[in-house]
Amino acid sequence: MKKVKLSKFPIHRDDRGCFIATELEDRWIQSNISMNDNPFTFRGLHLQKGPRKQAKQISVIKGKIIDFAVCLTEENFGKVEFYELSEGDSIYIPKNYAHGFLTLTSGTILNYFVDEIYSKPHEVSIHWMSVPEVKSVVEEFVGNNRLIINEKDSLAIDLKDYANDLGFK
């Protein structure tokens, strides 16, 4: 099984702005751009299940985030990896992981490639508060600030419910 892989790519800056070339894993078929106006915006924990599982290559174009990968395989179910990423950082998230991130700066922009097209029937959101390590890290960084999260992620399922759906004990 592939593992989460962190990469750092050089940022080339001049008076026009910056340019970052990112090396890609696997065969990517869709590119997504996430623009986040405010710090303390949380997106995730997202995955696609069944035949539409996705691997992701996430790159921070602007800003800073805490990136979360939650393993969903039976032998490591619920194990969390998290990284503080900033401009020029990239992370590979293999299939069988839920992914999410917390923005730490305003104007954060991410680009990510996926190896499977988006499929609403296969989409799953796991509630961040149901994963103790994710909850702890988010609360530590957000502090007394307001967390920005959308309704879909607020209504996400618990990690334990997803384990039951998979038939894990």
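On a 1 Å grid over the protein atoms alone, a pocket is an open set of points where a 1.4 Å probe fits, with protein on both sides within 12 Å along at least five of seven lines; lining residues have an atom within 4 Å of a point. A volume is the space filled by probe spheres set on the points, which are joined across faces, edges and corners.

This is a predicted model, in which local features need pLDDT of at least 70, side-chain atom pairs count only at pLDDT 80 or more, and totals for linings use all residues. Residues are numbered from 1 along each chain, and side-chain values use heavy atoms, without hydrogens or water.

**First stop.** The largest pocket has a volume of about 430 Å³. To centre your view, select His46, Lys56, Tyr112, Glu123 and Lys152, the closest to its centre of the 23 lining residues. Next, colour β4 (30-36), β5 (42-48), β10 (97-103) and α2 (151-154), which each give two or more residues to this lining; helices (H or I, at least four residues) and strands (E, at least two) are DSSP runs numbered from the N terminus. The largest share, 5 residues, comes from β5.

**Second stop.** Now pick Lys56, in strand β6 (residues 56-62). Lys56 is buried (under 20% relative accessible area, 1.4 Å probe, protein chains only). It has no salt bridge (a side-chain nitrogen of Lys or Arg within 4 Å of a carboxyl oxygen of Asp or Glu), and the nearest side chain of opposite charge, Glu123, is 8.7 Å away.

**Third stop.** Move on to the second largest pocket, with about 160 Å³ of space. Leu47, Lys53, Leu72, Asn96 and Tyr162 are the closest to its centre among 14 lining residues.

Terms used: Buried means under 20% relative accessible area, exposed over 50%, partly exposed in between (1.4 Å probe, protein chains only). Lys and Arg count as positive and Asp and Glu as negative; His and the chain ends are not counted.
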